[in-house]
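The following is a walk through one protein model, from its overall layout to individual residues. Please keep the sequence and the coordinates at hand while reading.

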Amino acid sequence: MSGDEKGVVMMGAPQGSAPMTTTVINIHSEPPMRDHVIWSLFNTLFMNWCCLGFVAFAFSVKSRDRKMVGDMTGARSYASTARSLNIAALVLGVVLTIVVIAVYASTIGFIFFQIKSQQRGYS
């Protein structure tokens, strides 16, 4: 007996009477479709200027519902609309927040300047 044949036992087919079963796993190659619910919720809570965040959240929920039903075309359409509204809400929210901070800072500066000029007048 050579070294290659040591411990090798040839077995035949299983001896039981049960039929062989197979399992099929379907792997989808495309990534899952995004419905932007988390982004819409963030915009609804923090960047809700002109209610764009809320409208984006509504379209995101519609997209998720369409996806659960199996209507991928409708889900993509609603997701695209939600994405556009989220971008608009985020940009508008950031710009308006910066404008509000700038107006607030300039108002505080103007008030401080007026107080200082009045104090100089009394001295």
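Predicted model: local features only at pLDDT ≥ 70, side-chain atom pairs only at ≥ 80, totals over all residues.

The face of helix α2 turned away from its buried side carries the exposed residues Phe-54, Met-68 and Val-69. In it the protein has 3 helices and 0 strands, and the elements run α-α-α from the N terminus on. Of the 123 residues, 16% count as buried. Among the contacts in the protein with a separation of 6 or more, 65% are between residues 24 or more positions apart.

Helix α2 covers residues 52-69, which is 18 residues. From its first C-alpha to its last it reaches 26 Å, close to the 26 Å expected at 1.5 Å a residue. Its buried residues are Gly-53, Ala-56, Ser-60 and Ser-63. Viewed down the axis of α2, these buried residues fall within an arc of 75 degrees, so they line one face of the helix. After α2 comes Gly-70, with a positive phi near 110 degrees.

Asp-35 lies in the segment before α1, the helix of residues 37-46. Is Asp-35 buried or exposed? Its relative accessibility is 7%, and Asp-35 therefore counts as buried. Leaving aside neighbours within four places in sequence, Asp-35 is in contact with Ser-60, Ser-63, Arg-64, Lys-67 and Ala-79. With Arg-64 there is also a polar contact, side chain to side chain, at 2.7 Å. His-36 likewise has its place in the segment before α1. The relative accessible area of His-36 is 15%, so this residue is buried. Its phi is near 60 degrees, a positive value in a residue other than glycine.

Ala-75 extends this picture to another helix. Ala-75 lies in helix α3 and is buried, with a relative accessible area of 0%. In sequence Ala-75 and Asp-35 are 40 residues apart, whereas in space their C-alpha atoms are 7.7 Å apart. With neighbours within four places in sequence left aside, Ala-75 is in contact with Met-33, Ser-63, Arg-66 and Lys-67.

The aromatic rings come next. The count comes to 2 aromatic pairs. One of them is formed by Phe-42 and Phe-46, with 5.2 Å centre to centre and 45 degrees between the planes, and it is tilted. Both residues lie in helix α1, 4 residues apart, about one turn of the helix. Phe-42 counts as partly exposed at 38% relative accessibility, while Phe-46 is exposed, with a relative accessible area of 57%. In the pair of Phe-59 and Tyr-78, the ring centres are 5.9 Å apart and the planes are at 45 degrees, so this pair is tilted. The pair links distant parts of the chain, with Phe-59 in helix α2 and Tyr-78 in helix α3 (residues 72-122), 19 residues apart. Phe-59 is partly exposed, with a relative accessible area of 22%, and Tyr-78 is partly exposed, with a relative accessible area of 27%.

That leaves the cysteines. How many disulfides are there? The count comes to 0. Cys-50 is in no disulfide, and the nearest cysteine sulfur, that of Cys-51, is 7.6 Å away. Cys-50 is exposed, with a relative accessible area of 64%, whereas Cys-51 is partly exposed, with a relative accessible area of 45%. Cys-51 lies in the loop between α1 and α2. The phi of Cys-51 is near 60 degrees, again a positive value in a residue other than glycine.

Terms used: Residues numbered from 1 in each chain as written. Heavy atoms only, no water. Helix = DSSP H or I, 4+ residues; strand = E, 2+ residues; numbered from the N terminus. Expected span 1.5 Å × (residues − 1). Buried < 20%, exposed > 50% of the residue type's maximum accessible area, 1.4 Å probe, protein only. Arc of directions from axis to C-beta. Disulfide = S-S within 2.5 Å. Polar contact = N/O pair within 3.5 Å; in protein donor to acceptor, adjacent residues only side chain to side chain. Contact = heavy atoms within 4.5 Å. Phe/Tyr/Trp six-rings, centres within 6.5 Å; stacked < 30°, edge-to-face > 60°.
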